[in-house]
Amino acid sequence: MKHFSIPKEVLNVTENLEKAGFEAFLVGGCVRDLVLGREPKDWDVTTNAVPEEIIALFPKTFYENTFGTVGVVAVREDGDAETEVEVKESLKVIEVTPYRIESDYTDNRHPDKVTFSKKLEDDLQRRDFTVNSLAYSVSKNELADLYDGQKDIKNKIIRTVGDPVARFTEDGLRMLRAIRLSAELSFEIAPETEKAILENAHLLKNISMERIRDEFTKMIQSTEPMMALTSLKKLGLLSYIVPELEEGVGIEQTKTHAYDVFEHLLRSVQHSAQKGYSLEIRLAALFHDISKPESRRKGEGTWTFYGHEVLGARVTKKILERLKYPTKIIEKVVKLVRWHMFFSDTEQITLSAVRRMIVNVGRENIWDLMNLRICDRIGTGRPKEDPYRLRKYHAMIEEALRDPVSVGMLKIDGKRLMEIVDIKPGPVIGYTLHALLEEVLEDPKKNTAEYLENRAKELVLLPINELKVLGESGKQTRDEADEEEVKRIRSSHWVK
Ligand code: ATP
Ligand code: MG
């Protein structure tokens with residue numbers, strides 16, 4: 001068998017366990033990923049040692065749970081337990097868990113008791129899916145494969161270990177894990193496993209929203225959120241997570257849309273995944289039209305959806321709060337949903353409207369709003385955005401975001417001017433500042449407090465008429481420079 005490449009932090013754990021006379025296997029998702037040639041997200045080790053024995057073998061560990069899992073912290077090679085070394089996030093802590101038997105899940109979510117075992121087979125039997133039930137001995141370079149996990153990996157199949165109904169009854173979250181893994185790995189769910197989900201979807205009622213949210217997030221963050229959401233709906237799980245989405249099924253839209261509201265939202269979030277956008281943009285893409293069903297009215301020969309973004313922002317907030325997302329994420333997604341109509345309404349696109357939009361959605365969110373628009377457009381099934389218009393939006397945002405050329409750029413202001421020279425508030429201040437601006441525009445190196453203060457002292461000695469001429473000339477130069485700047489932005493986007 002070919003050797004997998006195992007990071008030294010992981011080797012250190014298995015070698016130490018074996019040196020002390022214990023068994024040690026890599027297990028679960030990391031072995032699955034090794035077989036697939038993917039980089040594991042985290043590394044789990046299973047052993048016949050019990051927590052106290054594991055803790056005794058390593059300089060730095062923590063143990064704060066009831067499942068027997070000991071976190072082994074990577075430390076420097078000289079054994080200095082106080083210093084955490086510079087290692088990859090996924091290798092900082094290696095989780096080591098004794099072989100376990102889980103029994104009697106009376107509430108469909110938590111085993112009533114966790115029993116440690118001396119047999120690897122017991123531990124593999126409690127694993128959710130065959131593809132997650134492989135164990136790998138690094139020292140022997142051997143795979144333990146009791147449930148044909150390698151075959152299912154090869155055929156890209158998610159199948160429960162043992163009877164699917166029994167396994168989902170033990171822990172309903174596994175139904176979501178099946179769909180999440182299939183979306184992350186582009187695997188199919190085995191027919192009997194799928195059937196068991198369909199018939200037992202109600203078990204999700206027993207699962208905490210936090211656990212549901214974590215799986216839901218992984219689905220949205222995967223490369224195939226559309227596939228995950230389609231499965232959630234098909235297998236009857238979506239109504240326990242986001243029933244609001246299902247209301248979009250069959251809701252026909254205006255002529256510009258090829259799809260109903262539900263499919264439009266799925267296609268939008270899929271595009272956001274294709275682009276590798278953040279969770280917030282993905283959630284906004286998924287929910288941006290969530291209130292179209294309740295806002296739909298018959299217009300002249302078409303449908304209207306007035307105000308759906310206002311209602312939609314409210315509904316999105318409700319959904320995300322129910323799913324217990326952190327406030328920061330909720331606030332951002334809600335803002336994006338609230339303002340997503342802006343760029344579709346072409347009449348609104350004046351520079352001052354763009355400025356107002358930036359105030360509404362926040363400077364930090366304006367480019368995400370643009371990206372949301374791109375997802376929204378692609379989600380309609382129409383050909384790509386007219387490239388000219390897209391570039392035009394970009395140019396306008398940059399133009400609105402930039403600081404205009406003005407005396408505000410100077411390393412001196414009116415207040416300071418009045419401190420250093422003996423003048424009263426009045427036109428002389430404006431003339432002087434604009435005369436200084438003209439010099440700085442010609443030679444930006446002159447924009448220092450020292451130069452400007454000295455030069456100001458000379459300027460105020462000039463007869464008022466001469467100073468006025470210099471000031472007026474400065475204003476004109478400023479306007480020209482500002483225009484130049486705008487031209488530069490526009491031409492960098494190839495727009496007029
Ligand atoms: P990821 O790539 O997201 O880490 P994973 O399959 O490794 O996916 P983890 O949550 O890290 O998922 O769990 C590690 C392993 O523990 C799984 O591969 C599986 O063997 C087992 N496992 C996790 N959750 C369950 C569960 N609810 N029921 C049974 N086994 C589980
Ligand atoms: Mg894992």
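By the ring-pairing rule, the count comes to 1 aromatic pair. Rings of Phe, Tyr and Trp (its six-membered ring) pair if their centres lie within 6.5 Å, and planes under 30 degrees apart count as stacked, over 60 as edge-to-face and the rest as tilted. Phe4 and Tyr136 have ring centres 4.8 Å apart and planes at 70°, so this pair is edge-to-face. Since Phe4 sits in the segment before helix H1 (8-19) and Tyr136 in strand E8, the pair ties together parts that are 132 residues apart in sequence.

A word on the ground rules. This is a predicted model, in which local features need pLDDT of at least 70 and side-chain atom pairs count only at pLDDT 80 or more, while totals for chains, interfaces and linings use all residues. Residues are numbered from 1 along each chain as its sequence is written, chains are lettered from A and ligands numbered from 1 in the order in which they are written, and side-chain values use heavy atoms, with hydrogens and water left out. Helices (H or I, at least four residues) and strands (E, at least two) are DSSP runs, numbered from the N terminus.

| Residue | Relative accessible area | Class |
|---|---|---|
| Ser295 | 4% | buried |
| Asp148 | 44% | partly exposed |
| Trp494 | 68% | exposed |

**The sheet**

An open sheet of 7 strands runs in the order E3-E4-E5-E2-E1-E8-E9, with mixed pairing. Two strands pair if DSSP finds at least two bridges between them. Strand E3 (61-62) and E9 stand at the edges with a single partner strand each, so one side of each is left without a neighbour in the sheet. Further in, strand E2 (residues 44-47) runs parallel to strand E5 (residues 93-98), and 4 bridges join them. Thr46 stands opposite Thr97 in E5, and the bridge partner of Thr47 in E5 is Pro98. E2 also pairs with E1, in the antiparallel sense, over 3 bridges; there, Ala24 stands opposite Thr47.

Helix H2 (residues 29-36) lies across strand E1 (24-27), E2, strand E8 (135-137) and E9, and runs at about 70° to E1. Axes are lines fitted to C-alpha atoms, for helices over the stretch in contact, and angles run from 0 to 180 degrees between N-to-C directions.

**Cores**

A nonpolar core is a set of buried Ala, Val, Leu, Ile, Met, Phe, Trp, Tyr and Cys residues joined through side-chain atoms within 4.5 Å. The largest has 106 residues, and those with the most contacts inside it are Leu26, Phe216, Leu229, Leu232, Leu245 and Leu283. Helix H8 (residues 173-185) gives the most to this core, with 8 residues. Contact means heavy atoms within 4.5 Å. Leaving aside neighbours within four places in sequence, Leu229 is in contact with residues including Phe216, Leu245 and Leu266. There's also a second, separate core of 17 residues, which includes Leu410, Tyr431, Leu436 and Leu437.

The expected span of a helix is 1.5 Å times one less than its number of residues. For the 14 residues of helix H14 (residues 261-274) that gives 20 Å, and the end C-alpha atoms are 20 Å apart, which agrees. In H14, 11 of the 14 residues are buried, so it is largely enclosed by the rest of the structure. Among them are Leu265, Leu266 and Val269. Gly276, whose phi is positive, near 70°, follows H14.

Helix H23 (residues 427-442) has 16 residues and reaches 23 Å from its first C-alpha to its last, close to the 22 Å expected. Here 12 of the 16 residues are buried, so H23 is largely enclosed by the rest of the structure. The cover over its buried residues includes helix H22 (414-420), helix H24 (449-459) and H25.

Most residues other than glycine have a negative phi. Asp148 has a positive phi, near 60°, and lies in the loop between strand E9 (142-144) and helix H6 (149-155). Trp494 also has a positive phi, near 55°, and is in the segment after helix H25 (464-492).

Finally, Ser295 is in helix H16 (residues 292-295). Not counting residues up to four places away in sequence, Ser295 touches Thr304, Phe305, Tyr306, His308 and Leu311.

Technical notes: Buried means under 20% relative accessible area, exposed over 50%, partly exposed in between (1.4 Å probe, protein chains only).
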